[in-house]
Amino acid sequence: MFGYPKWQNQNEKKPLCETELSFLQVIITSKDSECDKFPSITSDEAYHLQVSKPTSVLKAEKVWGVLRGLETFSQLLYEDDCGSYFVNESYISDFPRFAYRGILLDTSRHFLPLKVILTNLDAMAFNKFNVLHWHIVDDPSFPYESTTFPELSAQGAYTPNHVYTPTDVHNVIEYARLRGIRVIPEFDMPGHTQSWRKDILTPCYSGKHPSGSYGPINPILNATYDFMMKLFEEVGTVFPDDYIHLGGDEVDFSCWNSNPDVTEFMKKKGFGFWYSKLESYYIEKMLDIVTFLNKKSIIWQEVFDDGAKLQPDTIVEVWKKFLYQLELARVTKQGHQAILAAPWYLDLISYGEDWKNYYSVEPLDFTGSKSQKELVLGGEACLWGEYVDATNLAPRLWPRASAVGERLWSSENVTDISDASKRLTQHRCRMLR
């Protein structure tokens, strides 16, 4: 993936400083190039590249394949001592192994300036990633500026300057589109919502009296779902992708347990003391809202683990590292598509060349049928923001994420660590340039 052509070298010796290639002809073979559309999970990224004198040709059915082919072509070029560029004769027929190849950025814990996000989209394109999973809000801050509920960012952002305006969001989506990258927003809930409006959060109790603190989204109020319908109607309009990530991870049930109204609601519903059932109740209603808005949902694995009734097209993201292969087997056995994130948490660092651990992961290394393994859409490298901001995002993420990119793009038999190490060194220099 990073400079991995099937070489067909010329036998003739190149004259010193002579440029051998005049131009590259680009041909889109389909009548509908999709140039004016947004990429999707079904986008065709295949291409054929023939490099030879005097004319080289790049062919693809769709513009997405052209973008990937141009990236490969740029990686074949090399510079001689005179400053001229050459390219070896090559024939490459290429396509991605997995349709979903993502990077997660967290803009709540540390606000990331727009320029940093755009620069990262460039790096993603260099590495043939095609999904930006934008974990846009969380407990610490709510930087998404909603036109329907402007008070969310007014009250929840760090400062009025630490927000993403509608223009900012549009610019990210369009910048990504031009590089063949989807933008999937995540509005994590019902936990991770401390920066949201207090009237839709659950008041926590100390004994018989409110403690003054708040817990997860309040799932027992009709007003909660009215609010969510209006907010996600806006989100679904702003973000053109078919999918919205609803989160659903790490919900702390202690506040629900302390609230007498919630516990009474639990009794009426017959949930007993199983607060995971209350979370499932909430998530199922949110799934219905997203479906009503003609969108599809992605959720973290806890929602599946707790037995919520998912829509058939709901995607489960597997993030817990312990026994993630078993989780993939369980999710796909029930017929759900899956995204793997568990082995690729790049916010966690260690000494030395830890990229080799990421490179050595085989996403389909779990017990299951062929049809089950076909349900694994791909994976993503996650860069959570507790200790990452604009000053260290690039060196924390790259080129380590390049190893994940190759694993998700290239054939399963491309596993030579020593070969990858040489190519990764060269690719790092390309990205620096």
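The backbone nitrogen of Asp32 lies 3.3 Å from a polar atom of the Ser30 side chain, where a polar contact denotes a pair of N or O atoms within 3.5 Å, one of which, within protein, must be able to donate a hydrogen and the other to accept it, residues adjacent in sequence counting only if both atoms are side-chain atoms. The side chain of Ser30 also makes a polar contact with the side chain of Lys62, at 3.2 Å. Ser30 itself is placed in the loop between strand S1 (23-28) and strand S2 (47-51), helices (H or I, at least four residues) and strands (E, at least two) being DSSP runs numbered from the N terminus. When residues up to four places away in sequence are not counted, Ser30 touches Glu61 and Lys62, contact being defined as heavy atoms within 4.5 Å.

The model is predicted, so that local features need pLDDT of at least 70 and side-chain atom pairs count only at pLDDT 80 or more, whereas totals for chains, interfaces and linings use all residues. Residues are numbered from 1 along each chain as its sequence is written, and side-chain values use heavy atoms, with hydrogens and water left out.

The loop between S1 and S2 also holds Ala46, which is partly exposed, with a relative accessible area of 25%; buried means under 20% relative accessible area, exposed over 50%, and partly exposed in between, for a 1.4 Å probe and protein chains only. With residues up to four places away in sequence again set aside, Ala46 touches Ala60, Gly65, Asp94 and Phe95. The C-alpha atoms of Ala46 and Ser280 are separated by 39 Å, the two residues being 234 residues apart along the chain.

A barrel is closed by 8 strands in the order S7-S8-S9-S12-S13-S14-S15-S16, with parallel pairing, two strands being taken to pair if DSSP finds at least two bridges between them. From one strand to the next the twist averages 30 degrees. Strand S15 (residues 338-340) pairs with strand S16 (residues 376-383) in the parallel sense over 3 bridges, and Gly379 in S16 is the bridge partner of Leu340. Helix H2 (residues 114-126) packs on the sheet, where it touches strand S7 (100-106) and strand S8 (131-137), and its direction makes about 155 degrees with that of S8; axes are lines fitted to C-alpha atoms, for helices over the stretch in contact, and angles run from 0 to 180 degrees between N-to-C directions.

The largest nonpolar core comprises 94 residues, of which Phe187, Trp196, Met228 and Phe232 touch the most other members; such a core is a set of buried Ala, Val, Leu, Ile, Met, Phe, Trp, Tyr and Cys residues joined through side-chain atoms within 4.5 Å. Helix H8 (residues 275-292) supplies the largest share of this core, 9 residues. Apart from this core lies another, of 11 residues, including Ala60, Leu76, Val87 and Trp409. Leaving aside neighbours within four places in sequence, Phe187 is in contact with Ile136, Val137, Phe142, Tyr144, Trp196, Phe232, Val235, His245 and Leu246.

The axes of helix H5 (residues 222-238) and H8 come within 10 Å and cross at roughly 35 degrees. At the contact, Thr224, Tyr225, Met228, Met229 and Phe232 in H5 meet Tyr281, Tyr282, Lys285, Met286, Ile289 and Phe292 in H8.

Helix H14 (residues 400-409) is largely enclosed by the rest of the structure, because 10 of its 10 residues are buried. Among these buried residues of H14 are Arg400, Glu406, Arg407 and Trp409. The loop between helix H13 (393-397) and H14 contains Pro399, which is joined to Trp398 by a cis peptide bond with omega about 0 degrees. A cis peptide bond also joins Met189 and Pro190, with omega about 0 degrees, and Pro190 is located in the loop between strand S9 (182-189) and strand S10 (201-206).

Most residues other than glycine have a negative phi, and most peptide bonds are trans. Lys128, in the loop between H2 and S8, has a positive phi near 60 degrees and is buried, with a relative accessible area of 1%. Asn294 likewise has a positive phi, of about 60 degrees, although it is not a glycine; Asn294 lies in the loop between H8 and strand S13 (296-300) and is exposed, with a relative accessible area of 71%.
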